[in-house]
Amino acid sequence: MNVNTKKWGIIGTIVVVVLIAIFMVTRPTRLSGKYVANTGSSLVFKGDKFEEFENGRNTHKGTYKIEDSEIKMKFSDGSGTTTAKLTKDKQSFSLKSTGNAFADLFAQNIKYTKE
């Protein structure tokens, strides 16, 4: 292996590592748009905020964050935090916990899909 080949191999490796790092840093960590549940309600995400709609009426607002593959939604009225399991493609999520043991019995079957 000559010096030129070695040099270009090192440069190519550095370029690949830099491109991967840029992708990891700039990948979207937010949701956007409308997600509709199998119950008919919907959540609309914009920035780090969400709004919940039932029967066309805005029922709740709040903020959310994504950690790993979990969404944590905190309601602005102080009614608690809901967690959901997000799919890798961010096209759907299923509720895991609402912070209320009774409501959790029903929440386990609720799945939201991007419209």
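1. Basis of the note. In this predicted model, local features need pLDDT of at least 70 and side-chain atom pairs count only at pLDDT 80 or more, while totals for chains, interfaces and linings use all residues. Residues are numbered from 1 along each chain as its sequence is written, and side-chain values use heavy atoms, with hydrogens and water left out.

2. The barrel. Eight strands close into a barrel with antiparallel pairing, in the order β1-β2-β3-β4-β5-β6-β7-β8. On average, and with direction ignored, neighbouring strands of this sheet are turned by 30 degrees against each other. Strands (E, at least two residues) and helices (H or I, at least four) are DSSP runs numbered from the N terminus; two strands pair if DSSP finds at least two bridges between them. Axes are lines fitted to C-alpha atoms, for helices over the stretch in contact, and angles run from 0 to 180 degrees between N-to-C directions. Strands of a sheet pair through backbone hydrogen bonds, either parallel or antiparallel.

3. Strands β1 and β2. Four bridges hold the antiparallel pair formed by β1 (residues 33-37) and β2 (residues 42-46). Gly-33 has Phe-45 in β2 as its bridge partner. Val-36 belongs to strand β1 and is partly exposed, because its relative accessible area is 26% (buried means under 20%, exposed over 50%, and partly exposed in between, with a 1.4 Å probe and protein chains only). Apart from neighbours within four places in sequence, Val-36 is in contact (heavy atoms within 4.5 Å) with Ser-41, Ser-42, Lys-111, Tyr-112, Thr-113 and Glu-115. Lys-111 is 75 residues away from Val-36 along the chain, yet their C-alpha atoms are separated by 8.1 Å.

4. The loop between β1 and β2. Ser-41 lies in this loop. Its relative accessible area is 7%, and Ser-41 is therefore buried. The side chains of Ser-41 and Thr-39 are joined by a polar contact of 3.4 Å. A polar contact is a pair of N or O atoms within 3.5 Å; within protein, one must be able to donate a hydrogen and the other to accept it, and residues adjacent in sequence count only if both atoms are side-chain atoms. With neighbours within four places in sequence left aside, the contacts of Ser-41 are Tyr-35, Val-36, Phe-53, Glu-54 and Tyr-112.

5. Asn-55, a residue other than glycine, has a positive phi near 55 degrees. Most residues other than glycine have a negative phi.

6. β6 (residues 81-86) and β7 (residues 92-97) run antiparallel and are joined by four bridges; Leu-86 stands opposite Phe-93 in β7. The two strands form a hairpin with five residues between them. Lys-90, in the loop between β6 and β7, is not a glycine but has a positive phi of about 60 degrees. Lys-90 counts as partly exposed, because its relative accessibility is 23%. Strand β7 also pairs with β8 (residues 111-114) in the antiparallel sense, over three bridges, and Phe-93 has Tyr-112 as its bridge partner in β8.

7. Ile-110 is placed in the loop between α2 and β8 and is buried, because its relative accessible area is 17%. Not counting residues up to four places away in sequence, Ile-110 touches Ala-37, Asn-38, Thr-39, Phe-93, Ser-94 and Leu-95.

8. The largest pocket. This pocket holds about 400 Å³ of space. Its lining comprises 19 residues, of which Glu-52, Phe-75, Thr-82, Leu-95 and Thr-98 lie nearest the centre. The elements that contribute two or more residues to the lining are β3 (49-54), β5 (70-75) and α2 (101-107). On a 1 Å grid over the protein atoms alone, a pocket is an open set of points where a 1.4 Å probe fits, with protein on both sides within 12 Å along at least five of seven lines; lining residues have an atom within 4 Å of a point. Grid points are joined across faces, edges and corners, and a volume is the space filled by probe spheres set on the points.
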